[in-house]
Amino acid sequence: MKYLGMVFLTLISFQIKAQELFVMTEPASNMPAGSIGVRNTSLLTFNKEGTAGYQDMPEIMWGVNRNWMIHATAFMNDKEGNFMFQGASIYAKYRFFSIDDIHSHFRLAAFGRLSTNNSPIDEEGIETMGLNSGYETGIVATKLVNKTAISSSISYERALDNNHYEFPNTQSNSAMNYTLSIGQLLHPKKYTSFKQTNINAMVELLGQRLNENGKSYLDVVPSLQFIINSQARIDLAYRHQVYSDMDRLARNSILVKLEYTFFNVTN
């Protein structure tokens with residue numbers, strides 16, 4: 001009975017956190033301690049010349065404990081004509097503050113990413129998640145109340161040379177990023193089984209301002225998320241450029257993300 005009770009509490013925790021698993025950003029909450037997750041993100045981009053590009057990012061995630069989580073990601077794209085491996089990154093997040101109530105909680109976490117990349121540097125926007133070598137560090141805050149989650153982050157991002165490609169000295173090599181994510185649980189209206197499929201709708205705002213020249217962009221990302229049997233996850237999203245005065249190849253994109261979590265692997 002004690003073991004069943006522990007499993008029950010773990011599943012309740014995961015169902016609650018399922019409402020704040022945002023598509024484009026990481027919340028301040030972590031995946032369950034001792035769990036391993038596998039994820040694949042596919043991105044179809046629409047360039048300003050009217051052509052399409054494709055990126056794929058397989059990822060493995062580890063919930064080290066209740067406060068630490070680590071991701072390792074590989075980057076593949078067709079920017080050089082052929083679809084090929086272009087780089088990788090390591091990401092870590094540390095939850096340092098938490099207030100928990102019966103139907104709500106508030107969390108704060110610090111995060112960092114270190115990336116290497118072989119792709120040509122052909123746009124002003126900085127993105128260490130797939131396009132630029134460099135690093136990013138920031139803070140994220142997440143609030144969950146009943147079926148609604150709100151998360152916001154701010155981060156500093158610095159681009160380095162992409163191995164064989166030097167970073168252009170005419171461009172800003174650092175930026176400030178800011179995000180705002182709002183998610184709502186649509187289904188189920190009332191939980192009767194942990195096998196019920198969760199359906200979440202969300203809208204995320206993603207912005208960046210280059211530090212040296214002040215250029216900026218703002219994107220909006222509406223999305224739907226399906227969480228099946230409390231372990232499998234499917235995300236569908238459309239990213240649209242609202243505003244930009246910087247040179248960006250991909251102004252709009254479609255994202256499909258698949259994920260599966262294995263519980264109690266390293267406990």
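Select Gln-55 first: in this predicted model, Gln-55 sits in strand 2, residues 52-63. Its relative accessible area is 12%, so Gln-55 counts as buried, the limit being under 20%.

**The whole chain**

Zoom out and colour by secondary structure. Followed along the sequence, the pattern reads α-β-β-β-β-β-β-β-β-β-β-β-β. Along the principal axes, the C-alpha atoms fill a box of roughly 65 × 35 × 35 Å. The radius of gyration is 19 Å, which agrees with the value near 18 Å that a compact globule of 267 residues would have. Of these 267 residues, 45% are buried.

**Glu-26 and its two partners**

Next, show the charged side chains. Side chains of opposite charge can pair when their charged atoms come close. The whole structure holds eleven salt bridges.

Select Glu-26 and Arg-39. Their side chains meet in a salt bridge, with an N to O distance of 3.5 Å. Arg-39 belongs to strand 1, and Glu-26 to the loop between helix 1 (2-17) and strand 1; the two are 13 residues apart, and the pair links distant parts of the chain. Which of these side chains is buried, and which is partly exposed? Arg-39 is buried at a relative accessible area of 10%, whereas Glu-26 is partly exposed at 22%.

Lys-93 is in strand 4 and Glu-26 in the loop between helix 1 and strand 1, so the bridge ties together parts that are 67 residues apart in sequence. Lys-93 has 0% relative accessibility and therefore counts as buried.

**Arg-248**

The side chains of Arg-248 and Asp-219 form a salt bridge of 2.8 Å, N to O. Arg-248 lies in the loop between strand 11 and strand 12 and Asp-219 in strand 10 (residues 216-228), so this pair ties together parts that are 29 residues apart in sequence. How accessible are the two partners: buried or exposed? Arg-248 counts as buried at 7% relative accessibility, and Asp-219 counts as buried at 1%.

Turn the view towards Tyr-217. The charged end of Arg-248 sits over the ring of Tyr-217, at 3.6 Å from the ring centre.

**An aromatic pair**

Show the rings next. A pair of aromatic rings is described by the distance of the centres and the angle of the planes. The count of aromatic pairs comes to six. To see one of them, select Trp-68 and Tyr-94: the ring centres are 4.9 Å apart and the planes stand at 35°, so the pair is tilted. Trp-68 lies in strand 3 and Tyr-94 in strand 4, so the contact ties together parts that are 26 residues apart in sequence. Trp-68 is partly exposed, with a relative accessible area of 38%. Tyr-94 is also partly exposed, with 32%.

**The nonpolar patch**

Select Leu-44, Phe-46, Tyr-54, Phe-83, Leu-186, Leu-224, Leu-236, Tyr-238, Ile-254, Val-256 and Leu-258; they make a nonpolar surface patch of about 870 Å². Which elements give two or more residues to the patch? They are strand 1 (36-47), strand 11 (232-244) and strand 12 (250-262). Strand 12 supplies the largest share, three residues.

The last stop is one member of the patch, Phe-83. Phe-83 is found in the loop between strand 3 (68-77) and strand 4 (84-100). With 42% relative accessibility, Phe-83 counts as partly exposed.

Key:
Residues numbered from 1 in each chain as written. Predicted model: local features only at pLDDT ≥ 70, side-chain atom pairs only at ≥ 80, totals over all residues. Heavy atoms only, no water. Patch = residues over 30% accessible without salt bridge, like charges linked within 9 Å, V, L, I, M, F, W, Y side chains within 5 Å. Areas by Shrake-Rupley, 256 points an atom, 1.4 Å probe, with all protein chains shown as cover. Salt bridge = Lys/Arg side-chain N within 4 Å of Asp/Glu carboxyl O. Helix = DSSP H or I, 4+ residues; strand = E, 2+ residues; numbered from the N terminus. Buried < 20%, exposed > 50% of the residue type's maximum accessible area, 1.4 Å probe, protein only. Phe/Tyr/Trp six-rings, centres within 6.5 Å; stacked < 30°, edge-to-face > 60°. Lys NZ or Arg CZ within 6 Å of the ring centre and 35° of its normal. Rg over C-alpha atoms; globule rule 2.2 N^0.38 Å.
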